[in-house]
Amino acid sequence: VGSDQAAVFDTWHQWRMILSLCRLVIWSRPYAQIPAEALIKWHNDHQMKLQFLNCEPMNLSSTQIRDQIRNSPRTQPDGICDAVWHYLHTHHLYRI
């Protein structure tokens, strides 16, 4: 998830269950935010460290992608590659 969503991850529906099923990896955004206190506590309680991607920050969020798709559902959003666009279509993500 992007650091913006990590900051509010504890507001997601069933966020604790999500964490019990997978390791959360955080991608830094140009306007990086601190992960939610509850998220940090959950990881500490389970003796896990939050994992951050050491990559170039990307100024593109799923919210922006959803907005672009909502406004123009047949047009590939700016900033995503053909493989991702194909995956979104194949799995009917973002209501495509």
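Biologist: Is cysteine 81 buried, partly exposed or exposed?

Modeller: The model is predicted: local features need pLDDT of at least 70, side-chain atom pairs count only at pLDDT 80 or more, and totals for chains, interfaces and linings use all residues. Residues are numbered from 1 along each chain as its sequence is written, and side-chain values use heavy atoms, with hydrogens and water left out. Buried means under 20% relative accessible area and exposed over 50%, with partly exposed in between (1.4 Å probe, protein chains only). Because its relative accessibility is 42%, cysteine 81 is partly exposed.

Biologist: How many disulfides does a search of the whole structure find?

Modeller: A disulfide is a pair of cysteine sulfur atoms within 2.5 Å. Cysteine 22 is partly exposed, at a relative accessible area of 38%. For the whole structure, the number of disulfides found is zero.

Biologist: Why are aspartate 67 and arginine 70 separated by about one helical turn?

Modeller: Helices (H or I, at least four residues) and strands (E, at least two) are DSSP runs, numbered from the N terminus. The side chains of aspartate 67 and arginine 70 meet in a salt bridge, 2.7 Å from N to O. Arginine 70 is exposed at 57% relative accessible area, while aspartate 67 is partly exposed at 32%. The separation is about one turn because, within helix α4 (residues 62–71), the two are three residues apart.

Biologist: Which residues form a nonpolar patch on the surface?

Modeller: Patches are made of residues with over 30% relative accessible area and no salt bridge; like charges are joined within 9 Å, nonpolar side chains (Val, Leu, Ile, Met, Phe, Trp, Tyr) within 5 Å. One member, tyrosine 94, lies in the segment after α5 (82–90) and is partly exposed at 31% relative accessibility. With about 270 Å² of accessible area together (Shrake-Rupley method, 1.4 Å probe; for residues, only the protein chains shown count as cover), the patch consists of Tyr87, Leu93 and Tyr94.

Biologist: What pattern does the protein chain follow along the sequence?

Modeller: The secondary structure comes to five helices and two strands. Read along the sequence, their order is α-α-β-α-β-α-α.

Key: Salt bridge = Lys/Arg side-chain N within 4 Å of Asp/Glu carboxyl O.
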